[in-house]
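Here is a short walk through one protein model. Have a look at the structure first, and then we'll go through some of its helices, cores and rings.

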Amino acid sequence: SNWITQDIAAYLNNEKLSIDALPLTPASLAELVQLIEAGTISNKIGKDLLPELLTQGGSPKALVEARGLSQISDPAQIEAMIDEVLAAHPEELEAYRGGKKKLQGFFVGQLMKRSGGRVDPKLSNQL
């Protein structure tokens with residue numbers, strides 16, 4: 001509902017369009033939400049796709065597949081990336097181990113950057 005009342009409504013206002021003129025259909029919006037709910041893509045990836053869907057329509061699932069945007073949810077794959085991030089930032093790791101727990105956000109951010117925003121953020125924080 002936030003997407004409809006915020007993002008989509010703002011787009012309609014900026015473009016001076018009625019909702020009937022949108023290439024994005026209710027079924028496509030539902031498909032996008034289902035991809036997020038299923039964990040196929042993150043909310044951020046959904047938000048990144050929304051502008052294109054608003055202007056061009058189409059299948060969110062097909063767009064995700066064509067661009068290789070599926071969320072990475074394999075713990076082994078995420079752990080390997082975590083190891084790479086930690087190895088690349090030894091000073092921050094030492095500070096984290098010394099009690100600066102707020103650096104976890106830094107590490108997750110680096111993980112997101114390394115994966116192009118595709119890792120499951122909830123699972124990444126847990127790992």
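α6 crosses α7 in a left-handed way, where left-handed means that the near helix is turned anticlockwise from the far one by less than a right angle, and right-handed means clockwise. The helix names come from DSSP runs numbered from the N terminus (helices are H or I and at least four residues; strands are E and at least two). This is a predicted model, in which local features need pLDDT of at least 70, side-chain atom pairs count only at pLDDT 80 or more, and totals for chains, interfaces and linings use all residues. Residues are numbered from 1 along each chain as its sequence is written, and side-chain values use heavy atoms, with hydrogens and water left out.

Two packed helices are described by the angle between their axes and the distance between the axes. The axes are lines fitted to C-alpha atoms, for helices over the stretch in contact, and the angles run from 0 to 180 degrees between N-to-C directions. Here are two helix pairs from this model.

| Helix pair | Angle | Axis distance |
|---|---|---|
| α6 and α7 | about 145° | 9 Å |
| α1 and α2 | about 115° | 13 Å |

Which residues of α6 and α7 meet? On the α6 side they are Glu 92, Leu 93, Ala 95 and Tyr 96, and on the α7 side Leu 103, Gln 104, Phe 106 and Phe 107. A contact here means heavy atoms within 4.5 Å. Sorted by class, this α6 and α7 contact has 6 nonpolar residues, 1 polar and 1 charged. For the classes, Ala, Val, Leu, Ile, Met, Phe, Trp, Tyr, Cys and Pro are nonpolar, Asp, Glu, Lys and Arg are charged, and the others, Gly among them, are polar.

Now zoom in on the rings. Rings of Phe, Tyr and Trp (its six-membered ring) pair if their centres lie within 6.5 Å; planes under 30 degrees apart are stacked, over 60 edge-to-face, and the rest tilted. That rule gives 2 aromatic pairs. Tyr 96 and Phe 107 make an edge-to-face pair, with 6.0 Å from centre to centre and 85° between the planes. Tyr 96 sits in α6 (residues 90–97) and Phe 107 in α7, so this pair ties together parts that are 11 residues apart in sequence. Phe 106 and Phe 107 are also edge-to-face, because their ring centres are 5.5 Å apart and their planes are at 65°. Put together, ring pairs link Tyr 96, Phe 106 and Phe 107 into a cluster.

Is Phe 107 buried or exposed? Buried means under 20% relative accessible area, exposed over 50%, and partly exposed in between (1.4 Å probe, protein chains only). At 10% relative accessibility, Phe 107 is buried. Tyr 96, at 23%, is partly exposed, and Phe 106 is partly exposed too, at 27%.

Ala 95, back in α6, is partly exposed at 26%. Leaving out residues up to four places away in sequence, Ala 95 touches Lys 100 and Leu 103. Over in α7 (residues 103–115) you'll find Gln 110, which is buried at 18% relative accessibility. Leaving out residues up to four places away in sequence, Gln 110 touches Val 85 and His 89.

Next up is the other helix pair in the table. The crossing of α1 and α2 is right-handed. Trp 3, Ile 4 and Ile 8 of α1 make the contact with Leu 29, Leu 32 and Ile 36 of α2. This α1 and α2 contact has 6 nonpolar residues, no polar ones and no charged ones. In the loop between α1 and α2 there is Lys 16, which has a positive phi of about 55° although it is not a glycine. Lys 16 is exposed, at 73% relative accessible area.

Finally, the cores. A nonpolar core is a set of buried Ala, Val, Leu, Ile, Met, Phe, Trp, Tyr and Cys residues joined through side-chain atoms within 4.5 Å. The largest one has 19 residues, and those with the most contacts inside it include Ile 8, Leu 24 and Leu 50. The elements giving two or more residues to this core are α1 (2–15), α2 (26–37), α3 (43–56) and α4 (60–67), and α3 gives the most, with 5 residues. A second, separate core has 13 residues, among them Ile 78, Met 81, Ile 82 and Leu 111.
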